[in-house]
Amino acid sequence: MARRGVMGRMIGRLLGRRPAPEELCFKDPWVGVDGGNGFGGQKLLRSQQPLGVVAASCTDLLRDVQLITRYCCIEQPYWAAFLRHYASLGVRLMHVCVQSEADEHVLRHMPTPDGLICEVHRFPASLTPAAALKTLDLQLLASRAPFTLLVDADEYLQPLRTDVSIEQLFALFPDVAQLFLPWLMHPLVDAADAQRLGFWGHIGKPLVRSNRMASIAFDHGFAVDDPQASHRQASAPVGLFGLALTHRWARSFRDCLLKTLFNRFEDAKSADCDRALALINAGELPIRLRLLAYLSLQQGYLPVLDGVAGQVEGDLEELILRQWISLEQEQVCRALFNRYRELLRSSLPQLPVYPATSLLVLAKLLPSLDALEEGQPG
């Protein structure tokens with residue numbers, strides 16, 4: 001017994017003093033937080049704050065939240081579904097950034113759900129979409145709603161529980177400036193994919209106290225009023241509290257094709273967008289479609305709730321697509337995609353595991369169709 005006591009004391013010294021129960025409570029919401037993915041890499045969030053009495057429901061979950069998003073012409077087949085979804089959660093004000101006169105005209109004449117106001121903000125076409133977003137003057141928006149959510153039109157906030165509200169989450173962590181909502185990936189290739197399960201993504205989007213937002217640091221984070229804080233500081237990952245963003249990374253195969261052909265982003269996913277049609281004509285698959293093939297092969301393990309159907313206006317989708325690519329070229333591209341996905345399936349063990357690796361890194365690592373074909377036995 002004495003020997004065990006000595007050994008226990010030695011182990012105790014090696015491991016450090018056992019904290020008192022009251023010391024286990026979470027006092028610093030930044031400790032161990034990876035604000036970019038909505039979960040946190042080391043420690044779960046803890047708080048001694050009471051939950052409060054604010055009632056939560058799906059119909060008014062975002063009643064005190066305004067949205068910031070972007071619109072361009074290829075969003076039109078999916079836009080009405082996006083508006084309906086957020087209106088159903090209680091959003092009443094949406095700020096929409098555009099970069100062309102034509103897009104501004106379409107938005108100003110497009111019907112919106114009852115009670116939802118879409119304010120259009122026009123920026124120069126000479127800027128990239130990411131640069132344009134950063135120029136939005138948030139000080140003019142700060143007083144319009146208590147909280148502000150930054151999302152794209154293929155990201156649908158999805159409450160996985162109904163007993164905790166946005167107000168309660170911010171009340172739990174009064175020193176936190178913004179919450180991070182993780183991506184719940186649910187890419188669609190065909191309509192039947194809507195029945196598939198989803199899987200966690202590698203990053204998420206921010207929901208900020210409006211009076212603390214200073215600027216948009218980048219597409220996935222606000223700079224806040226503390227000049228010493230990065231976008232990952234003064235932040236809390238709240239995926240573990242049941243809030244997520246269902247990310248329809250593709251709302252259909254055609255959506256991904258449109259994003260490939262009409263692309264003004266400057267990143268690894270878009271590195272070959274200016275020659276995408278030439279690649280398709282030459283029998284090769286552009287990078288963004290390779291990524292869709294990779295994502296469509298990921299095992300689903302998370303339910304995606306009803307109400308995020310991602311409805312597509314198919315006739316409008318085809319009309320826009322025909323401005324960029326013929327039906328014959330589209331059919332060729334789909335055949336290339338199907339072949340690529342078939343060959344990629346057997347190569348997955350040699351590729352990094354998602355979401356441990358980001359899509360920007362995977363965009364550089366995924367092999368070309370030619371490379372996959374060459375690796376096949378004769």
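Helix α6 is mostly covered: 9 of its 9 residues are buried, where buried means under 20% relative accessible area with a 1.4 Å probe, protein chains only. The buried residues of α6 are Phe253, Arg254, Asp255, Cys256, Leu257, Leu258, Lys259, Thr260 and Leu261. Their cover includes α2 (76-88), α7 (276-281), α8, α9 (314-321) and α10 (327-345). Helices are DSSP runs of H or I with at least four residues, strands are runs of E with at least two, and both are numbered from the N terminus.

This is a predicted model, in which local features need pLDDT of at least 70, side-chain atom pairs count only at pLDDT 80 or more, and totals for chains, interfaces and linings use all residues. Residues are numbered from 1 along each chain as its sequence is written, and side-chain values use heavy atoms, with hydrogens and water left out.

Now take one of the covering helices, α8. Helix α6 (residues 253-261) and helix α8 (residues 287-296) pack at an angle of about 150°, and their axes are 9 Å apart. The axes are lines fitted to C-alpha atoms over the stretch in contact, and angles run from 0 to 180 degrees between N-to-C directions. The two helices are therefore roughly antiparallel, a label for angles over 145 degrees. The crossing of α6 past α8 is right-handed, that is, the near helix is turned clockwise from the far one by less than a right angle.

Which residues of α6 meet α8? They are Phe253, Cys256, Leu257, Lys259 and Thr260, and they face Arg288, Leu289 and Leu292 in α8. Contact here means heavy atoms within 4.5 Å. The residues of this contact divide into 5 nonpolar, 1 polar and 2 charged. In an α-helix, residues three or four places apart point the same way, because there are 3.6 residues a turn.

Turn to strand β6 (residues 178-185). Here 8 of the 8 residues are buried, so β6 is largely enclosed by the rest of the structure. Strand β6 runs antiparallel to β7 (residues 199-209), joined by 7 bridges. Two strands pair if DSSP finds at least two bridges between them. Leu184 stands opposite Trp200 in β7, and Leu184 also has Thr246 in β11 as a bridge partner. Strand β11 (residues 243-247) pairs with β6 in the parallel sense over 3 bridges. Strand β10 (residues 235-237) pairs with β6 in the parallel sense, over 3 bridges. There, Leu179 is partnered by Ala236.

Finally, the whole chain. It has 12 helices and 11 strands. Of its 378 residues, 51% count as buried.

Definitions and conventions:
Parallel < 35°, antiparallel > 145°, perpendicular 65-115°, else oblique. Nonpolar A, V, L, I, M, F, W, Y, C, P; charged D, E, K, R; others polar. Buried < 20%, exposed > 50% of the residue type's maximum accessible area, 1.4 Å probe, protein only.
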